[in-house]
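Please read it alongside the sequence and the structure displayed below.

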Amino acid sequence: MALGFWRGRTRLRAWALTVLVLVFVAAQLGALVGLNAWQRLFFDALDQKSGAEVLTAISWVPIIVAGYALSLSGVVVARMLLQVSWRRWLTLHLAGWWIADQRYYRMTLVDEEQTAPEFRIAEDVRLAIEPLVEFALGLITATVTAITFAAILWQVAGSISVPVGGTVIVIPFYMAIAAILYAVIASLSAYLTGRPLVRRVADKNQMEAEFRAEMTRLREHAESIALIRGDDDERASVHDNYRRLFSAWLAIIRQQGVIALVLNSNGALFPIIPLLLVAPKYLSGELSLGAVMQVAAAFSAVQSALIWFVDNFVRLAEWYASLTRVDELVEALEDLDMGSIMAGEGEIELGISPDKAIHIENLSLAHRNGRVVIADASVVIAKGEKVLITGASGTGKSTLIRALAGLWPWGSGSITVPPGQIIAFVPQKPYIPVAPLREVMLYPHADRRIDDAVILAAMKRCGLGYLGKHLDDDEDGWDRTLSGGERQRIAFARLVIHKPDIIVMDEATSALDEDSQADLLQLLREDLAEATVISVGHRPGLEAFHDRKIVLERQEAGARLTAEPATSALWRMLRLGTGG
């Protein structure tokens with residue numbers, strides 16, 4: 001999926017950056033080869049005690065340093081541009097996929113193991129992309145470096161003759177062979193000692209995510225916890241979460257200690273091995289001091305390239321853990337789209353009704369565990385009709401609302417609505433975006449141009465007139481300062497402003513007193529008389545503002561729908577007449 005960056009609309013930028021990085025990598029390798037040749041030139045001049053040769057070698061230093069510095073800087077800049085561009089494409093792709101079609105909500109219903117998808121998109125994508133670019137460049141550089149400097153070893157060091165008994169064994173390009181064998185042994189040792197680290201890093205990342213989620217939950221429910229004095233329980237929960245995180249870190253530390261032992265042993269032998277191997281040829285006079293230094297540097301370059309895996313094993317383990325978390329999110333989104341998570345034989349069909357009414361036919365809803373909540377429900381809701389859905393707790397009222405919104409995946413039957421209708425859903429706790437009040441009032445259509453007079457009139461009509469003077473304030477903390485009742489008034493003001501064709505409400509007045517509830521529900525008869533309303537609620541007085549009541553009656557095989565006329569408006573008239 002991530003390779004889509006090199007296809008589609010971003011392909012020109014992607015390939016341009018890729019080529020640019022490779023050009024600078026080639027330039028850097030050329031500078032390294034030049035530096036290796038310079039070492040032989042300089043040490044041969046020292047060995048010969050030739051001042052002129054030394055000065056000649058020194059004169060090349062500025063050119064070599066400038067070439068190496070410029071090529072290395074070019075690699076860094078081009079690599080970072082490729083990283084941020086690729087990350088931007090993948091982040092926007094995943095975020096758009098997650099947000100579209102309410103997947104962010106549906107995933108909470110169908111995949112409880114998908115913890116913190118927002119962190120996977122914001123952080124794990126970065127940790128999966130940035131190291132991957134560095135690994136790819138490192139692997140390419142290591143491969144080309146190994147080949148290039150192995151050729152130098154072959155050319156300069158040549159072969160070595162080893163007397164065994166009365167026979168002389170000639171080992172061709174022995175330095176290159178020695179570098180390869182040493183790298184294989186070091187890499188195998190690092191792999192065997194570091195393999196368990198992958199799982200432990202993944203466990204650590206999971207514990208980190210759970211600990212962050214615990215702290216976020218505490219902040220989001222701070223008022224409720226404070227009111228019931230739940231400090232001790234929350235402290236114990238936080239401590240327990242961090243204890244698991246601490247244990248995960250200890251497991252990583254233990255494993256990294258073992259890996260460090262292998263890596264440090266290799267680091268100590270690294271500069272010694274080539275000198276020991278080339279010493280016989282220097283003592284025999286076959287190689288000059290400059291050639292020895294060139295061979296030692298080339299051996300180190302080949303060795304460094306071939307043990308790239310050893311040097312990067314810990315980072316590879318951390319990268320793989322983040323990659324796995326992103327891949328799990330991608331798989332969850334794919335499963336969601338393919339419908340493989342559907343537990344029942346069929347699924348709820350959402351379609352277009354043949355007339356202006358809403359048709360619910362043979363609708364059955366079930367929980368994830370297969371328990372039927374609502375069985376074989378059929379009802380027709382005419383255009384402009386106000387319908388109240390009631391029933392005991394747990395009979396599936398809110399589940400029915402989710403099904404109407406297309407958010408509930410388990411069930412069968414069909415729900416059809418008239419074509420071209422604007423549908424507004426009003427939850428019990430309306431969402432308040434982090435934005436100025438004007439955008440809050442117009443959400444989710446903040447880009448619409450609506451006269452201030454319309455907005456202010458709607459606010460006044462819904463009891464929010466005192467906030468009108470703050471309409472253009474830059475303050476964006478309304479999600480923290482508004483009470484539950486004010487949130488619900490804002491939801492009704494949005495209805496008055498946008499005038500949807502179909503309104504679906506779930507306990508939309510639960511935070512209001514009865515008088516305020518009556519004032520707002522009167523909007524359904526006056527300002528929104530043409531709208532079809534489906535409302536879930538159980539508070540007294542709701543029936544007076546609806547034409548029909550649908551009661552969900554709990555039964556062993558699933559709740560059944562029973563339709564009956566709503567109580568007349570007489571109750572409301574009597575209450576108002578007595579000044580209640």
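The crossing of helices H1 and H2 is left-handed in this predicted model. Helix H1 spans residues 11–47 and helix H2 residues 51–59; their axes come within 8 Å and cross at roughly 155°. Angles over 145 degrees count as roughly antiparallel, and H1 and H2 are therefore roughly antiparallel to each other.

**Contact of H1 with H2**

- From H1, the residues Trp38, Leu41, Phe42, Ala45 and Leu46 take part in the contact.
- On the H2 side, they meet Glu53, Val54, Ala57 and Ile58.
- By class, the residues of this contact of H1 with H2 comprise eight nonpolar, no polar and one charged.

**Packing of H5 with H6**

- Helix H5 (residues 117–157) packs with helix H6 (residues 174–220) at an angle of about 175°, and their axes are 14 Å apart.
- With the threshold for roughly antiparallel set at over 145 degrees, H5 and H6 are therefore roughly antiparallel to each other.
- H5 contributes Phe119, Arg120, Ala150, Leu153 and Ala157 to the contact, and H6 contributes Tyr174, Met175, Ala176, Gln206 and Arg212.
- The contact of H5 with H6 divides into seven nonpolar, one polar and two charged residues.

**Packing of H15 with H17**

- The axes of helix H15 (residues 452–461) and helix H17 (residues 484–498) come within 9 Å, crossing at roughly 140°.
- Roughly antiparallel requires an angle over 145 degrees and roughly perpendicular one of 65 to 115; H15 and H17 are therefore oblique to each other.
- The crossing in which H15 passes H17 is right-handed.
- Val454, Ile455 and Ala458 in H15 are in contact with Ala493, Val496 and Ile497 in H17.
- The residues of the contact of H15 with H17 are six nonpolar, no polar and no charged.

- His498 is located in helix H17.
- The relative accessible area of His498 is 14%, and because buried means under 20%, His498 counts as buried.
- Not counting residues up to four places away in sequence, His498 touches Met441, Leu442, Tyr443, His445, Arg448 and Ile450.
- Pro444 lies 54 residues from His498 along the chain, and the C-alpha atoms of the two are separated by 9.9 Å.

**Aromatic pairs**

- A pair of aromatic rings is described by the distance of the centres and the angle of the planes.
- Counting rings whose centres lie within 6.5 Å, there are eight aromatic pairs.
- One of the pairs joins Phe5 and Trp6, which are edge-to-face at 5.0 Å centre to centre with 80° between the planes.
- Phe5 has a relative accessibility of 2% and therefore counts as buried.
- Trp6, at 14% relative accessibility, also counts as buried.
- Phe42 and Phe43 form a further edge-to-face pair, with 5.6 Å centre to centre and 80° between the planes.
- The cut-off for buried is under 20%; Phe42, at 18% relative accessibility, therefore counts as buried, whereas Phe43, at 23%, counts as partly exposed.
- Phe42 is also among the H1 residues that meet H2.
- Phe5, Trp6 and Trp86 form one aromatic cluster.

Key. Residues numbered from 1 in each chain as written. Predicted model: local features only at pLDDT ≥ 70, side-chain atom pairs only at ≥ 80, totals over all residues. Heavy atoms only, no water. Axes fitted to C-alpha atoms, helices over the stretch in contact; angles between N-to-C directions. Helix = DSSP H or I, 4+ residues; strand = E, 2+ residues; numbered from the N terminus. Parallel < 35°, antiparallel > 145°, perpendicular 65-115°, else oblique. Left-handed = near helix turned anticlockwise from the far one by under 90°. Contact = heavy atoms within 4.5 Å. Nonpolar A, V, L, I, M, F, W, Y, C, P; charged D, E, K, R; others polar. Phe/Tyr/Trp six-rings, centres within 6.5 Å; stacked < 30°, edge-to-face > 60°. Buried < 20%, exposed > 50% of the residue type's maximum accessible area, 1.4 Å probe, protein only.
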